[in-house]
Amino acid sequence: MRGAGFVIVCLLRLSGCVLLPDAAEQAYRNALRGEEAGMTRPAQVQELDRAIALQPGRVRYWELRAIYRIDMAKYGAAEQDLDRAIALQPRPYLHYLRRLVRCQRERFAAALPEFDTAISGQPGNAQFYRGRSLARSKLKQYSAALQDALQLIQLAPQQAESYYARAVALAGLDRKLEALADFAEAIRRRPELLYPLLERAALLEAMGHLPAAAADREEFRAKQQGLRCAPCLDPFRY
C-alpha cells in the first residue's frame, strides 16, 4: 500500500501514476493554505478537526492543531493534542512543544522532563537549552539554568535569546552587572524583543536605578503599541 496520505490514481498516460490527496490530506492542506488566504485560526482548526476525524493516526495533523491552539492560547487543548502526537511518534520536537505548553500553564516542574527528553534526542538543538534554562530559572534553579545558558551561547552565539537566558540566570545568582550586560546585548541584537526590557527594568529597580528602569518601561509601552508579534512579548513562545 502506498503513502498513507494519498489515494493512487493511475492515468492512462506516459507519465504513469499520479498521486492525489485524500479527503483528510486535503483538509490539512486547506488549513496550511489558510495562512495565505486570510483564514482565521478557528477556521483552520476546523479543517484540522475534519482531517483528524478522517485519519486520526497522522501525527502532523495533531501537531499542527496543537500549534494553532497555542496561538489561540488554548493551552489545555494544545497539550492534549501533543499527548496524542507523542503517543503516535515521540519525536524530540514534539516533547519540546509540549514543554512550551506546560510553561505557558506555569507547570515548570512538569516541563523539565520534556526538555530532558528533547535534549537527549537532539543534543545540538539550541532552542531546547534556551527553554530549559528559562524553566529552571522560574524554579529558582539558577546554577543549572546558567549551565544551560552557557551551552546555548556556544550553540547559538548569534541569537539575542541566548544572552537573555544567561541574563536571567545571572540575575538570579545576584550577578547583577553581568546580567545587565547580557540584557543589553539581547536588546542590541534584537530590539524588537520586548521582554528583556521588562526584565532589565526589574533588575534596575532592585539596584536602585529608578530613572533607567522607568526609561525601559516607557520604551516597552511605546513599542508594545500595535505590536503583532507574540514571540516578542513572551520568551516561552517557540
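Author: A cavity, on a 1 Å grid over the protein atoms alone, is a set of points where a 1.4 Å probe fits but cannot get out. A pocket is an open set with protein on both sides within 12 Å along at least five of seven lines. Lining residues have an atom within 4 Å of a point. This is a predicted model: local features need pLDDT of at least 70, side-chain atom pairs count only at pLDDT 80 or more, and totals for chains, interfaces and linings use all residues. Residues are numbered from 1 along each chain as its sequence is written, and side-chain values use heavy atoms, with hydrogens and water left out.

Reader: How many cavities of 30 Å³ or more does the search find?

Author: Rolling a probe the size of a water molecule over the atoms shows where empty space is left. Here the search of the whole structure gives 1 cavity of 30 Å³ or more. The largest cavity holds about 30 Å³. A volume is the space filled by probe spheres set on the grid points, which are joined across faces, edges and corners.

Reader: Which residues line the largest cavity?

Author: The lining is Tyr 96, Arg 99, Leu 100, Arg 130, Gly 131, Leu 134, Pro 235, Phe 236 and Arg 237. Helix H5 (92-104) and H7 each supply at least two of the lining residues. Helices are DSSP runs (H or I, at least four residues), numbered from the N terminus. By class, the lining has 5 nonpolar, 1 polar and 3 charged residues. Ala, Val, Leu, Ile, Met, Phe, Trp, Tyr, Cys and Pro count as nonpolar; Asp, Glu, Lys and Arg as charged; the others, Gly among them, as polar.

Reader: What volume does the largest pocket have, and what lines that pocket?

Author: Its volume is about 390 Å³. The pocket has 20 lining residues, with Lys 138, Tyr 164, Val 168, Glu 199 and Pro 235 nearest its centre. Helices H7 (126-138), H9 (160-172) and H11 (195-206) are the elements giving two or more residues to this lining. H11 gives the largest share, 5 residues. The lining counts 14 nonpolar, 2 polar and 4 charged residues.

Reader: Is Arg 132 buried or exposed?

Author: Buried means under 20% relative accessible area, exposed over 50%, partly exposed in between (1.4 Å probe, protein chains only). Arg 132 sits in helix H7. Its relative accessible area is 12%, so Arg 132 is buried. Beyond residues up to four places away in sequence, Arg 132 touches Leu 112, Phe 115, Asp 116, Ile 119 and Asp 148. Contact means heavy atoms within 4.5 Å.

Reader: Which side chain does Glu 25 pair with?

Author: A polar contact is a pair of N or O atoms within 3.5 Å. Within protein, one must be able to donate a hydrogen and the other to accept it, and residues adjacent in sequence count only if both atoms are side-chain atoms. Glu 25, in helix H1 (residues 23-37), makes such a contact with the side chain of Arg 60, at 2.6 Å. Glu 25 counts as buried because its relative accessibility is 5%.

Reader: And where does Asp 49 lie?

Author: Asp 49 is in helix H2 (residues 41-54). At 32% relative accessible area, Asp 49 is partly exposed. Leaving aside neighbours within four places in sequence, Asp 49 is in contact with Arg 65 and Arg 69.
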